[in-house]
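Biologist: Let's go through this one together. I'll keep asking how you know what you say, and you set each value against its definition.

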There are 2 protein chains.
Amino acid sequence: MGGGILFVVSAPSGGGKTTILKKVMAELPGLVFSVSCTTRAPRPGERDGRDYHFISREAFAEIRSRHPSGFLEWAEVHGNLYGTGREQVERLLGAGKDVVLDIDVQGAMQVRKTSAPVLIFIAPPSPAELEARLRKRGTESGSAIGLRLENARREMQFMDQYDYLIINDRLTDAVDCLRAIVVAERCRRRRSLSGLPVRTEF
Amino acid sequence: MGGGILFVVSAPSGGGKTTILKKVMAELPGLVFSVSCTTRAPRPGERDGRDYHFISREAFAEIRSRHPSGFLEWAEVHGNLYGTGREQVERLLGAGKDVVLDIDVQGAMQVRKTSAPVLIFIAPPSPAELEARLRKRGTESGSAIGLRLENARREMQFMDQYDYLIINDRLTDAVDCLRAIVVAERCRRRRSLSGLPVRTEF
């Protein structure tokens, strides 16, 4: 991998991840979103190539077969396939961009096997609050919400595999935390860079 | 050590450390400054018990002899003794405060031997800029400035022992970086806490 930092952000559906990510990325230059591929149908307001690359199961299988250049990670969630193209991510990191992957727990654990991402988990403050947020969103049926809650419980078991935990209680605080993590990781990365100008100059 | 996080901040004299620390600590609740002991004379504006505990060499030697409860670290810098009282730091951490130690490179390496501090180095953007800042401060003679520059060069050799590097080019950026490191480390610490409410609740 190149010069940028790879951030992996996971959160149960309804955890507020998308809103937090958009706010932080609007504030911080040099941070880019890697757009994932998915076989699920677009939700209202989602745009192909911006929110996801919406592709068929056949196209997904074709990319998966291009090992090892295919997917950096892929997973089946709620019956749909999601994947992150490795070449796209490596090109961005190589250009010195810090890349954000918005992927689930299974995907995060896969990415960790082949690279050294910074792992960030965004958790809702409580199960009741998560359920309330999912109902408020109003895009899912009752049984779909039940499935998401069940998946949330399973995903929370992986929280301690992550480097950072953000509790999304108040949105502004959660945005501040994610922004801080990115800024701090840049300071962490900076000291480990060899050939640092300030070192050779002194 | 107790529930708080121990931050160690080092910087060559004139690196802007004191200004940055004061601004960050005014912004962030729960972050406290551990006041060091020193045998050097107070500078204009410095107050005993706030900036340092100004003590005699005899009193310093007496505390040093109280092993292991005496100093968490101590060092001789520019011919003066500096030390951090262990009991004070442990009491603050035990009360859940995040503690900041403003100490030099020798001290930082000592603290690392007995605890697990977060190490932060604040560097000036260049030697020329450091010299200009020291001259502008106007509290030192030319030979004293020469000694500080020489010490700065030696301290910069330890930069890669630190977890984070902040380049103090623009003050507001440096303040933002230090603040971000504290906020991020709190998110890092949070995920490693056992008995986290959100985990047991799900």
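Modeller: Fine. Strand 1 and strand 8 (residues 118-123) of chain B pair in the parallel sense, over four bridges. Bear in mind throughout that this is a predicted model.

Biologist: What makes strand 1 and strand 8 of chain B a pair?

Modeller: Two strands pair once DSSP finds at least two bridges between them, and here there are four. One contact to look at is B:Ser10, whose bridge partner in strand 8 of chain B is B:Phe121. Strand 1 of chain B also runs parallel to strand 7 (residues 98-102) of chain B, joined to it by four bridges. There, B:Phe7 stands opposite B:Val100.

Biologist: Why is strand 1 of chain B called mostly covered?

Modeller: A residue is buried if 20 or more other C-beta atoms lie within 10 Å of its own, and five of the five residues in strand 1 of chain B are buried. Both faces are covered: B:Leu6, B:Val8 and B:Ser10 lie on one side, B:Phe7 and B:Val9 on the other. In a regular strand the side chains alternate between the two faces of the sheet.

Biologist: Is B:Tyr82 buried or exposed, and how do you know?

Modeller: The cut-off for buried is 20 or more C-beta neighbours; B:Tyr82 has 23 inside 10 Å, so B:Tyr82 counts as buried. B:Tyr82 is in strand 6 (residues 80-85) of chain B. Its contacts beyond four places in sequence include B:Ser36, B:Thr38, B:Trp74 and B:Ile103. B:Thr38 is 44 residues away in sequence, yet the C-alpha atoms are 4.4 Å apart.

Biologist: And why is B:Glu46 called partly exposed?

Modeller: Exposed would need 12 or fewer neighbours and buried 20 or more. B:Glu46 has 13 other C-beta atoms within 10 Å, so the label is partly exposed. B:Glu46 sits in the loop between strand 3 and strand 4 of chain B. Leaving out residues up to four places away in sequence, B:Glu46 touches B:Asp51 and B:Tyr52.

Biologist: Now chain A. What does A:Ile120 touch?

Modeller: Not counting residues up to four places away, A:Ile120 touches a group including A:Phe7, A:Val8, A:Tyr164 and A:Leu178. A:Tyr164 is also the bridge partner of A:Ile120 in strand 9 of chain A. Strands 8 and 9 of chain A pair in the parallel sense over four bridges. From strand 9 of chain A, A:Tyr164 and A:Ile166 point one way, A:Leu165 and A:Ile167 the other, and all are buried. In the largest nonpolar core, with 98 residues, A:Ile120 is among those that touch the most other members, as are A:Phe7, A:Val8, B:Phe7 and B:Ile120.

Biologist: How do you know that chain A agrees with a compact globule?

Modeller: For 202 residues, the globule rule gives a radius of gyration near 17 Å, and chain A has 17 Å, so the two agree.

Biologist: How do you know that the copies meet through the same surface?

Modeller: 100% of the interface residues of chain A are also interface residues in chain B, so the surface is the same. In contact terms, 30 residues of chain A meet 30 of chain B. The largest share of chain A's side, eleven residues, comes from helix 7 of chain A. By class, that side has 19 nonpolar, two polar and nine charged residues.

Terms used. Residues are numbered from 1 along each chain as its sequence is written. Chains are lettered from A and ligands numbered from 1 in the order in which they are written. This is a predicted model: local features need pLDDT of at least 70, side-chain atom pairs count only at pLDDT 80 or more; totals for chains, interfaces and linings use all residues. Two residues are in contact if their C-beta atoms, placed from the backbone, lie within 7 Å. Helices (H or I, at least four residues) and strands (E, at least two) are DSSP runs, numbered from the N terminus. Ala, Val, Leu, Ile, Met, Phe, Trp, Tyr, Cys and Pro count as nonpolar, Asp, Glu, Lys and Arg as charged, and the others, Gly among them, as polar. A nonpolar core is a set of buried Ala, Val, Leu, Ile, Met, Phe, Trp, Tyr and Cys residues joined through C-beta atoms within 7 Å. The radius of gyration is taken over C-alpha atoms; the globule rule is 2.2 Å times the number of residues to the power 0.38.
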